[in-house]
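Please examine the sequence and the coordinates before reading on.

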Amino acid sequence: MPGRHRRLHEPPGQGAIELPAQWYCQGQPFQEERQKLFAPAWQLLGRASVLRQTGDYLCANLAGWPLLVLVNGEGKPAAFHNVCRHQRMGVVEIGAGSASALRCKYHGWTYDLDGRFTSAPPVVAPADPSSAENSLERISLAIWHGLAFVSVTATAESPGTFLGTRAIDATTFSGESTTDIGCNWKLYIEHCLVEDPASWAWPALIVRSGADGTEVQQVIPRSFSRTRVVQHSFGAARLDLAPAKAACEAAQKRTEAGEVPKAANSSVAAFRQRVRIAV
């Protein structure tokens, strides 16, 4: 287990293995990352411009956490676990949409736009409908530079300062695309750190700026060997991820064979050190 690997807490020296191969290609280390690294982290959910009117919502599964931002009747967004309090099924579908109320398709528990339980079929209704335990569980929400971030425990550092140094103009949004990559999320971050060490913010946010605009990459760990990258383009910026996808999937195969790629630069080494400390 990551937290019990003796060498992970020793100062890196010549020939030291900064992260063992299993951290890139096994399920147990990924589950520990979810709880110890991603639960406190601020994760990008999407563009806040999607949340314009009452009932608008944005929902995604981030590192195994089904999370939701919803605009209430007063026009104020709030974030929740997208988990029904009855049988822990999803309340809304992944993606963006609009609803007048939230109703779980499994047993029909219904919630208002503030996440409060309102009704359920009598056969599955809670004993105390007024109990707050029946309402959707709230999490933290913050909006920086037109981007909506959520956090399960909100104990990690804010990416606000990092974003403040990037030329993100929400009014110039030009498109969104999604690429699924067959690799551990850390391999993709490491690839980006080699190309542009200044592009990364903890734990999985990439922002690349140039003369033609800015691209914000929402890096979503799907499993220990699957990563989704959602590209939000502002201006004419649009990076081709095909080379990165090929390189990262090749690196994934090497780690599955037990070969940990050497840190290509000090930024990659520092990233691995931070993962090691967090987990």
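## Basis

This is a predicted model, in which local features need pLDDT of at least 70 and side-chain atom pairs count only at pLDDT 80 or more, while totals for chains, interfaces and linings use all residues. Residues are numbered from 1 along each chain as its sequence is written, and side-chain values use heavy atoms, with hydrogens and water left out.

## Largest cavity

Three cavities of 30 Å³ or more are present (on a 1 Å grid over the protein atoms alone, a cavity is a set of points where a 1.4 Å probe fits but cannot get out; lining residues have an atom within 4 Å of a point). The largest cavity holds about 120 Å³ of space (the volume filled by probe spheres set on the points, which are joined across faces, edges and corners).

Its lining comprises 15 residues, and Trp42, Gln43, Leu44, Ala204 and Leu205 lie nearest the centre. Strand 14 contributes the largest share, three residues (strands are DSSP runs of E, at least two residues, and helices runs of H or I, at least four, numbered from the N terminus). The lining has 13 nonpolar, two polar and no charged residues (Ala, Val, Leu, Ile, Met, Phe, Trp, Tyr, Cys and Pro count as nonpolar, Asp, Glu, Lys and Arg as charged, and the others, Gly among them, as polar).

The largest pocket contains about 280 Å³ of space (a pocket is an open set with protein on both sides within 12 Å along at least five of seven lines). It is lined by 19 residues, with Leu45, Cys59, Ala60, Glu176 and Val230 closest to its centre. Strand 2 gives the most to this lining, four residues, and the classes are nine nonpolar, six polar and four charged.

Helix 4 gives the most to its lining, with five residues; helix 5 (242-256) and helix 6 each supply at least two.

## Helix 4 and helix 6

Helix 4 (residues 185-195) and helix 6 (residues 266-278) pack at about 150°, with axes 9 Å apart (axes are lines fitted to C-alpha atoms over the stretch in contact, and angles run from 0 to 180 degrees between N-to-C directions). The two helices are therefore roughly antiparallel (a term for angles over 145 degrees).

Residues of helix 4, including Trp185, Ile189 and Leu193, meet residues of helix 6, among them Val268, Phe271 and Val275 (contact means heavy atoms within 4.5 Å). This contact has seven nonpolar, one polar and three charged residues.

How values were computed: Angles under 35 degrees count as roughly parallel, over 145 as roughly antiparallel, 65 to 115 as roughly perpendicular and the rest as oblique.
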